[in-house]
Amino acid sequence: MTINLPEARRWPGSEWIKNHPAALERIYAVSVKAFTRVYPAMKKIAPQSSERVMVFVEAVGKGYVWNCQMCGQCILHSTGMTCPMNCPKNLRNGPCGGVRANGHCEVIPERMCVWVQAWERSQAMAVYGHKIVTLQPPVNRALKNTSSWINMVEGTDQITPPGWAAASPTGNEGLEHR
Amino acid sequence: MFANSRLERVLRSGRFAVTAELNAPDSANPEDVYRNALVLAEVCDAINATDGSGANCHMSSLGCCALLVRAGYEPVYQISCRDRNRIAIQGDLLGAAALGVKNVLCLTGDDVTAGDQPGAKRVFDLDSLQLLHTATIMRDHGVFLSGRKLTTPPQLFLGAAANPFVPPFAWRPERMAKKIAAGASFIQTQYCFDVPRLRTFMQRAVDMGLHEKAFILVGVGPLRSDKAAEFMRTKVPGVHIPDAVVARLAGVAPKQKAEEGKRICIEIIQQVREMAGVAGVHIMAYRQEETVAEIVHRAGLFPRHAVGAHREGHVNQHAVHHASGNGAQPAHHAGQYGSASPGMASQGELQ
């Protein structure tokens, strides 16, 4: 059976961009600051349009570079600037045991395992690289197709299931084993 | 002591543990489960019930576990994230605990494309770590993920899988550490046919002190022939078999191949037994359960002394002294051995 999963798609040149994780994480850090400042004004002027604009921008921009699946709770900086939703099993906490000997995906043999890539790239990331060991909470499926940038500023993407949050010593930040 | 689990008791006693995999039948007849279990029960401390292994449809792992409990055996309930969402999984954890299941192995699961129904919807709502942590929350905090309170939390001995034999190799020990941090008290690895690779992995694990935080059981199994080995390493996700092993099987006469496969398995068991940090073996003999007893015998792992409910006191004190260099008692597990449930039979009584 040929596999034509949305997770398998890659745009030309996107792998080259992702292979510069150190630059990407710096861009991310700056963008977070910039967007956090700009967003309140955006929200005031046109709350509904700004959501729509951001969804469009993310779908196109992150869609091109990361084959973004619009989960609405972006953790790229915690996962070696590699999108974990491109894993056909949607794993957010590392590779499964099905990785092939050549580092390729169990499900999509012609693609590298995104977690093999994530691990390598995280090693080159001075600022956020260590976050790859963070225990990521379950995905909030209700955020699908919403803007992860707005969710980040609003704090929506930080809300974990109440039981999860109660049990995690670091609250919404998740667990780290060291 | 989390669950008054027999497997946990054996592991804590410091004795080299043996678990085995039960192949769930394509049948609605309980006798088929009992028949497969009977040949395993005598020679192992717990029986793993697979959850749609290889994404092929079989009797459910919960169904198998319920039958195994009814027969007095000690099942390990395997849960994969492939087929059920968080609502179903949390419900099943309660159901399993109520049925008498005490051990749970939390798995990601093979992809649907590996099995006989590649058109099925893949769920993967939680991943294996989120599943582990969810089960831990339910047990230790007595709540669902939603925060809603449980009247009686499930008492479970939680485990996870590790695969030291596939990339990214450098991350594999870290990933196991992450699973242990998320709540795994025991680890069962993928099939080991590459002992040097395992040694590298275990050295790192021991350096990180992981063998003191969780019991690590190494997966082993007999290969029937070089053809079977070739099939497994190309078709079964995550199985790594070095060329040397396949060549060794190819080099013997057709009638000797099965025997050679068993011999390889026994040699691997003997090697991993000497390895620092290894607490036991997990024998996976797909559709050849009858060979497990022979392997256990020939590897010198028999008799399996029953660490039964009524004799736990002295067994556990003596066994610690006789522990065959399998590392220290896990520190954070230290505590009183809970009293046994009245219905629990020792293995001797089952036969």
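1. With which residue does A:Lys89 form a salt bridge, and how far apart are the closest N and O atoms? In this predicted model, the partner of A:Lys89 is A:Glu106, and the closest N and O atoms are 2.9 Å apart. Both residues belong to the loop between helix H3 (47-66) and helix H4 (114-122) of chain A, so the pair ties together parts that are 17 residues apart in sequence. Over all chains, the count comes to 26 salt bridges.

2. Chain B contributes 38 residues to the contact and chain A contributes 42 residues. About 3100 Å² is buried between chain B and chain A, and carbon and sulfur atoms give 63% of that area. On the side of chain B, the residues that lose the most area to chain A are B:Gln130, B:Trp171 and B:Lys178. Together these three account for 21% of what that side buries.

3. Which side chains meet in a salt bridge with 3.0 Å from N to O? They are those of A:Arg141 and B:Asp125. The count between chain B and chain A is 1 salt bridge.

4. The next points concern helix packing within chain B. Two packed helices are described by the angle between their axes and the distance between the axes. Helix H3 (residues 61-70) of chain B packs with helix H4 (residues 86-99) of chain B at an angle of about 15°, the axes being 10 Å apart. Angles under 35 degrees count as roughly parallel, so H3(B) is roughly parallel to H4(B). Their crossing is right-handed. H3(B) makes the contact through B:Leu62, B:Ala66 and B:Val69, and H4(B) through B:Asp92, B:Ala96 and B:Leu99. By class, the residues of this contact are 5 nonpolar, no polar and 1 charged.

5. For helix H8 (residues 226-235) of chain B and helix H9 (residues 243-250) of chain B, the packing angle is about 155° and the axes are 8 Å apart. This angle makes H8(B) roughly antiparallel to H9(B). The residues in contact are B:Asp226, B:Ala229, B:Glu230 and B:Arg233 of H8(B), together with B:Asp243, B:Val246, B:Leu249 and B:Ala250 of H9(B). They divide into 4 nonpolar, no polar and 4 charged.

6. Are helices H10(B) and H11(B) parallel, antiparallel or oblique to each other? Helix H10 (residues 257-273) of chain B and helix H11 (residues 290-298) of chain B pack at an angle of about 45°, with axes 10 Å apart. That angle makes H10(B) oblique to H11(B), and the crossing is right-handed. From H10(B), the contact is made by B:Glu259, B:Lys262, B:Arg263, B:Cys265, B:Ile266, B:Ile269 and B:Gln270. From H11(B), it is made by B:Thr291, B:Glu294, B:Ile295 and B:Arg298. The residues of the contact of H10(B) with H11(B) comprise 4 nonpolar, 2 polar and 5 charged.

7. Backbone geometry calls for attention at several positions. In chain B, the peptide bond from B:Pro167 to B:Pro168 is cis, with omega near -10°. B:Pro168 is placed in the loop between strand S5 (157-162) and helix H6 (172-181) of chain B. B:Phe302 and B:Pro303 are also joined by a cis peptide bond, with omega about 5°. B:Pro303 lies in the loop between H11 and helix H12 (312-322) of chain B.

8. In chain A, which residue has a positive phi although it is not a glycine? The residue is A:Asn145, with a phi of about 65°. A:Asn145 is found in the loop between H4 and helix H5 (148-154) of chain A.

Definitions and conventions. Residues are numbered from 1 along each chain as its sequence is written. Chains are lettered from A and ligands numbered from 1 in the order in which they are written. This is a predicted model: local features need pLDDT of at least 70, side-chain atom pairs count only at pLDDT 80 or more; totals for chains, interfaces and linings use all residues. Side-chain values use heavy atoms; hydrogens and water are left out. Axes are lines fitted to C-alpha atoms, for helices over the stretch in contact, and angles run from 0 to 180 degrees between N-to-C directions. Helices (H or I, at least four residues) and strands (E, at least two) are DSSP runs, numbered from the N terminus. Angles under 35 degrees count as roughly parallel, over 145 as roughly antiparallel, 65 to 115 as roughly perpendicular and the rest as oblique. Contact means heavy atoms within 4.5 Å. Ala, Val, Leu, Ile, Met, Phe, Trp, Tyr, Cys and Pro count as nonpolar, Asp, Glu, Lys and Arg as charged, and the others, Gly among them, as polar. A crossing is left-handed if the near helix is turned anticlockwise from the far one by less than a right angle, and right-handed if clockwise. Buried area is the accessible area (1.4 Å probe) that two parts lose on being put together, summed over both. A salt bridge is a side-chain nitrogen of Lys or Arg within 4 Å of a carboxyl oxygen of Asp or Glu.
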